[in-house]
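This note is intended for a colleague who is meeting the structure for the first time. Please read it with the sequence and the model at hand.

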2 protein chains.
Amino acid sequence: MADKPKARGRPSSREAMLDAAQAVVLEGGAGKLTLDAVARRAGVSKGGVMYNFPTKEALLKAMVERLVEHNRHAHAQVTASLPDRPGRSLKAYVMNSVRALDVDDRVSGALLAALNSDRALLAPVAEYFNGRFARLAQDVPFEQAALVYLATEGLWTQELLQLSPFNARQRAQLVRMLLRMAEPGAVTAGKAAAQGKTVRKKGKS
Amino acid sequence: MADKPKARGRPSSREAMLDAAQAVVLEGGAGKLTLDAVARRAGVSKGGVMYNFPTKEALLKAMVERLVEHNRHAHAQVTASLPDRPGRSLKAYVMNSVRALDVDDRVSGALLAALNSDRALLAPVAEYFNGRFARLAQDVPFEQAALVYLATEGLWTQELLQLSPFNARQRAQLVRMLLRMAEPGAVTAGKAAAQGKTVRKKGKS
DNA sequence: AATACTGTACCGCCCGGTCGGCACCGTCCG
DNA sequence: CGGACGGTGCCGACCGGGCGGTACAGTATT
């Protein structure tokens, strides 16, 4: 059920439709995510969409799965690009979260809306989130990991919903702070202690 | 326009309907927020709802306004109950956010979904958020305020969407941490340093 | 009897989902 | 070598239900 057993030569249609669905969500929010809209956007007919996704829920599910997979992949990628020290995964998480608030993220945010009314669909996402934090906290004290994790999540959410009270400069400053706080030793036994002087000119290590 | 010019003797009807609307959202998510559902829940007819709220958008708007107002009031209340030291407002914010994840909050979360597709409705909320942080950061260094603010917001969001990887014990621990970090002096010049010895720290698994 | 609402039948629209059809393509048989 | 055949991938008209919104008759309170 995850994929059609006979996706012989044509996985591209599905992908195109998922792209279209994302575009629709991006432009009009989750409320505008209509089978007709997706079809129109993908340049196919509604029947075509229904052929690939027997139900709208299937479409939603596929979208969520793809987003989670993308996210997982991106995080792995960023992690791999960092030196293997404690807090590496946590740092990668921060970097990945603020990477650009790109398309995937904005779609995720909008989708969360839809999913919120649909606990069943949300479950796999919750599972992913859960496992994610467990990995982040592997090589870092719990409170440090949690603090950075929560603050990052908060920042991400706020930016996403455009509720953020920060300007670009402040946001950059906060991201630097979070990255410092992901360093090993930045938090000890219930104390969070972000290393580094405040706004260093642009000195960056 | 905030209230009907002829809300002579009956503001209670409106309130009852708003309560009903909240209940509906709570039970079935924002997607189930239907005029008929609200009417049924409030024990009135659909016409009754339409009489008080000429359009569904008006209903949404009223809900949002009431929630914001409640939140504002609750925060003021908690603030007043704290000694007047720096960080008081910030601390109140943390306390208020984790107060109980009560009805208001859960409704807010669900509504955010609906609002996400409706940027116009979201604007006043954004404004409120904005002003809120400004006040929180008044008597506390920026990075400290922002850190506590974001982490709290992250925690709130995660709990709300039931995506939180934390159990009750961990959550309580984190709340204590956040409260300590809202204390004056807990963060200095780019360093966050939550005071206090953690009772346990039981190592990590 | 007027005011201030309530109850309900109804409308039009939109959306998810169905269904019969069709074009294309490889295969098999004469 | 070609034409009938089946099946895969897609089309698009259609349906039923649910929704927001309207119209209007009813009712209680003053």
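This is a predicted model: local features need pLDDT of at least 70, side-chain atom pairs count only at pLDDT 80 or more; totals for chains, interfaces and linings use all residues.

1. Chain A as a whole. The secondary structure of chain A consists of nine helices and two strands. Chain A has 205 residues, of which 39% count as buried. Among the contacts in chain A with a separation of 6 or more, 61% join residues 24 or more positions apart.

2. A helix pair in chain A. Two packed helices are described by the angle between their axes and the distance between the axes. For helix α4 (residues 56-80) and helix α7 (residues 119-136) of chain A, the angle is about 10° and the axes are 10 Å apart. An angle under 35 degrees counts as roughly parallel, and α4(A) and α7(A) are therefore described in that way.

3. The residues between these helices. From α4(A), the residues that take part are Leu60(A), Lys61(A), Val64(A) and Val68(A). They meet Leu121(A), Pro124(A), Val125(A) and Tyr128(A) of α7(A). By class, the contact of α4(A) with α7(A) comprises seven nonpolar residues, one charged residue and no polar residue.

4. A residue of α4 in chain B. Ala58(B) belongs to helix α4 of chain B, which covers residues 56-80. Is Ala58(B) buried, partly exposed or exposed? Ala58(B) counts as partly exposed, because 13 C-beta neighbours lie inside 10 Å. Although 63 residues separate Ala58(B) from Leu121(B) in sequence, their C-alpha atoms are 9.8 Å apart in space.

5. Helix α8 of chain B. This helix comprises residues 142-160, 19 residues in number. From first C-alpha to last, α8(B) reaches 26 Å, which is close to the 27 Å expected at 1.5 Å a residue. Of its 19 residues, 16 are buried, so α8(B) is largely enclosed by the rest of the structure. Just after α8(B), Gln162(B) adopts a positive phi of about 55°.

6. The surface near DNA strand D. Twenty residues surround DNA strand D, and the closest are Val44(A), Ser45(A), Gly47(A), Gly48(A) and Lys56(B). Two or more residues each come from α3 (46-52) of chain A and from α2 (35-42) and α3 (46-52) of chain B. Which element gives the most to this surface? It is α3(A), with six residues.

Note on methods
Residues are numbered from 1 along each chain as its sequence is written. Chains are lettered from A and ligands numbered from 1 in the order in which they are written. Helices (H or I, at least four residues) and strands (E, at least two) are DSSP runs, numbered from the N terminus. A residue is buried if 20 or more other C-beta atoms lie within 10 Å of its own, exposed if 12 or fewer, and partly exposed in between; C-beta atoms are placed from the backbone. A residue is near a molecule or strand if its C-beta atom, placed from the backbone, lies within 6 Å of it. Axes are lines fitted to C-alpha atoms, for helices over the stretch in contact, and angles run from 0 to 180 degrees between N-to-C directions. Angles under 35 degrees count as roughly parallel, over 145 as roughly antiparallel, 65 to 115 as roughly perpendicular and the rest as oblique. Two residues are in contact if their C-beta atoms, placed from the backbone, lie within 7 Å. Ala, Val, Leu, Ile, Met, Phe, Trp, Tyr, Cys and Pro count as nonpolar, Asp, Glu, Lys and Arg as charged, and the others, Gly among them, as polar. The expected span of a helix is 1.5 Å times one less than its number of residues.
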